[in-house]
Each structure stands twice: as C-alpha cells, then as structure tokens.
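Work through the exercises below with the sequence and the model open side by side. Each task is followed by a solution in steps.

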Amino acid sequence: MTELTLSEVLSTLDVAQVDDNVFSATQMDNATHHIVGGHIAAQAVTAASRTAEQRPPHSVHVYFLRAGDARRPVHMRVDRLRDGGALSTRRVTATQGDEVLLEALASFSAPIDSVDCQHPMPAVPDPETLPPVAEQLAAYAAEHDGWWVRPQPIERRYIDPPPRLAYDLSEPPARTRMWWRTTEPLPEDPALNCALLTYVTGTATLEAAMVMRRTTPLHSFNALIDHAVWFHRPADLTDWVLADQASPSSVAGRGLGTATMYNRTGELVCTATQELYFGRGRSN
C-alpha cells in the first residue's frame, strides 16, 4: 500500500498557473482512480486565491458533478465575478476534456474591525490523553491490507469511536469528535491554510454521516455531492485542532455531515457542512 505524505498533498495543492485565470491541477491517484472530493475542492480554493491575493478566503461552496480520472490533471478556470470594497467573489469551474467535474464559489474578505464572538469549545479530553489511530484500531490491522492503520498525512486522535469501531457497536455514537494535526511543518500562507482546512473537512466530516448510517468507507459506496466551509480565523495546523463532527440527517440515500473546528485555545477556526451520496455505485 502506497503511503500518502503531507508533502504530496501540499505539492498537488500548489496548482500550476497557465494564464491569469486558468490553472492546471495534478491529482493524487489511487486504486480506483477516482478524484478525492476534498482534495479537488482544496485545489479550487488555491486557484481562486491566486486571483484575489490581497484578501484571504472566508468561505467556499462546492458542488461535485462527476468523479473524474485521478490519472489526469484537471483544468480549472476562475471567473472574477466581483471585487467590491470589502468582498471579492470567484467562480471556479473544474473540467477534464469536455466534462465539468466541479463548480465552486469562493468569497474573499478584506480585514474589518469588529467585535468577535462565538460559542465556547466543548469540553473534551486533551489529545495527549488519547491513543493514536494505529493503537485504537490495532485489532483491525490485518483488514484490507492494513488500510485502517496506514500512515496518513493528517494525524488523528479520536474522542468518539471512529467508523470502523462504530460499525461493530449496537448503537451509533451521536458525534465523531477528534483532534487532528499535520504530520509535517507548514509554510505561513493564509490561502494554503484555508486550502488544507478544505481538504481535511472534505475528507473527515463524511465520517459522521457514515457512522450515522452504520457503515465505513470500505463497507459501502459513497460520493460527495457538495461541500461548504466558512473560514473564521487562521490556525496553526501543526498543533492540535478539535473537529466536533455530527450527522443531523440521513434520508433518501443522502447523509448530511457538519463540523466545527477549534484551536487548542478554544478559538473557532472553521465551520463545514457536506452531503454524501449513499445510493447506487458507479457503473464504471
């Protein structure tokens, strides 16, 4: 099994600029050759950010239309819809050949003096008191060629049972909370910070919907339909970030996942929502 490193993720998030509004995005290939939704959404954030460099992102809303082929690069066109006194808006259209894979709207904001307020971070155990994933899932280490305990670019410490443990429980847990941090240092870049938050929320929040439906990534077909992130403040992602995740609804083959993320001092970093499709599998 090939190990995915953080350096590889960061390299592919650094989309290549073709002209002022067009970018080429290299994908991370995998056994099924399907493009990872959270990854291509993060690339869309990077592409849009390159056209609004004086303003950091404050939100992105993504619709996934087709799976695409991870063996081929994706063409990303950015339309500069608006540059106002405080807000800028960009549309990103991601294509392979004549097929549209993704449509995204990203919004950027100039700094504004205001009163900050938020709900407090929930009381949870410190990450240092929790076992690493490889230890927590050691009983399943032989399954699927070690898939559950494979090294990952994002280190996780689960507070509630992760999907594989929840799969064997008689009742699903109400939340799928975890601490996470990157496994390597990061450059100080607000756009990259937001892109990486998009990647993590896009690949982690779906676990809450899976737990609600009593399944895992390896026990059912699933695909992202849409994903939205609001970026509240930058965070040191090399330190632990709390992801408070839940699934408030699962209906008609669709599972809704939500996440609020906090830094170690309790400041709200981002809020994310996404919807996952659990219907029929792909025919090819």
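**Exercise 1. Describe the surroundings of Val 74 in this predicted model.**

Solution. 
Step 1. List the contacts, leaving aside neighbours within four places in sequence: Val 74 is in contact with Phe 23, Ser 24, Ala 25, Gln 27, Ile 35, Ile 40, Ala 94, Thr 95, Gln 96 and Leu 101.
Step 2. Classify its exposure. Buried means under 20% relative accessible area. Val 74 has 1% relative accessibility, so it counts as buried.
Step 3. Check one pair of C-alpha atoms. Val 74 and Leu 4 are 70 residues apart in sequence, and their C-alpha atoms are 20 Å apart in space.

**Exercise 2. Is Thr 182 buried or exposed, and what does its side chain reach?**

Solution. 
Step 1. Thr 182 lies in strand β8, which covers residues 178-182.
Step 2. The relative accessible area of Thr 182 is 5%, therefore it is buried.
Step 3. The side chain of Thr 182 reaches the backbone oxygen of Glu 184, at 3.0 Å.
Step 4. With neighbours within four places in sequence set aside, the contacts of Thr 182 are Leu 6, Pro 153, Ile 154, Leu 196, Leu 237 and Thr 238.

**Exercise 3. Compare the end-to-end spans of α2 and α5 with their expected values, and state how many residues of each helix are buried.**

Solution. 
Step 1. Helix α2 (residues 37-49) has 13 residues, which should span 18 Å at 1.5 Å a residue. The end C-alpha atoms of α2 are 18 Å apart, which agrees.
Step 2. α5 has 15 residues and reaches 21 Å from its first C-alpha to its last, close to the 21 Å expected at 1.5 Å a residue.
Step 3. In α2, 13 of the 13 residues are buried, so this helix is largely enclosed by the rest of the structure.
Step 4. α5 is mostly covered, with 13 of its 15 residues buried.
Step 5. Look at the N-terminal end of α5, which is capped by Asp 189. A side-chain oxygen of Asp 189 lies 3.0 Å from the backbone nitrogen of Ala 191.

**Exercise 4. How much space lies in the second largest pocket, and which residues are the closest to its centre?**

Solution. 
Step 1. The second largest pocket holds about 650 Å³ of space.
Step 2. It is lined by 20 residues, and the closest to its centre are His 58, Phe 231, His 232, Arg 233 and Pro 234.
Step 3. Assign the lining to elements. β3 (57-64) and α5 (190-204) each supply at least two residues of this lining. α5 gives the most, with four residues.
Step 4. Sort the lining by type: 12 residues are nonpolar, six are polar and two are charged.

**Exercise 5. Locate His 61 and list what it touches.**

Solution. 
Step 1. His 61 lies in strand β3.
Step 2. Its relative accessibility is 35%, so His 61 counts as partly exposed.
Step 3. His 61 and Leu 105 are 44 residues apart along the chain, while their C-alpha atoms are separated by 5.3 Å.
Step 4. Not counting residues up to four places away in sequence, His 61 touches Glu 103, Ala 104, Leu 105, His 227, Ala 228 and Trp 230.

**Exercise 6. Where is Asn 263, and which side chain does it join through a polar contact?**

Solution. 
Step 1. Asn 263 sits in the loop between β11 (254-262) and β12 (268-277).
Step 2. Asn 263 has 12% relative accessibility and therefore counts as buried.
Step 3. Its side chain is joined to that of Thr 265 by a polar contact of 2.9 Å.
Step 4. Beyond its neighbours within four places in sequence, Asn 263 is in contact with Met 121, Trp 240 and Val 269.

Conventions
Residues are numbered from 1 along each chain as its sequence is written. This is a predicted model: local features need pLDDT of at least 70, side-chain atom pairs count only at pLDDT 80 or more; totals for chains, interfaces and linings use all residues. Side-chain values use heavy atoms; hydrogens and water are left out. On a 1 Å grid over the protein atoms alone, a cavity is a set of points where a 1.4 Å probe fits but cannot get out, and a pocket is an open set with protein on both sides within 12 Å along at least five of seven lines; lining residues have an atom within 4 Å of a point. Grid points are joined across faces, edges and corners, and a volume is the space filled by probe spheres set on the points. Ala, Val, Leu, Ile, Met, Phe, Trp, Tyr, Cys and Pro count as nonpolar, Asp, Glu, Lys and Arg as charged, and the others, Gly among them, as polar. Buried means under 20% relative accessible area, exposed over 50%, partly exposed in between (1.4 Å probe, protein chains only). A polar contact is a pair of N or O atoms within 3.5 Å; within protein, one must be able to donate a hydrogen and the other to accept it, and residues adjacent in sequence count only if both atoms are side-chain atoms. Contact means heavy atoms within 4.5 Å. The expected span of a helix is 1.5 Å times one less than its number of residues.
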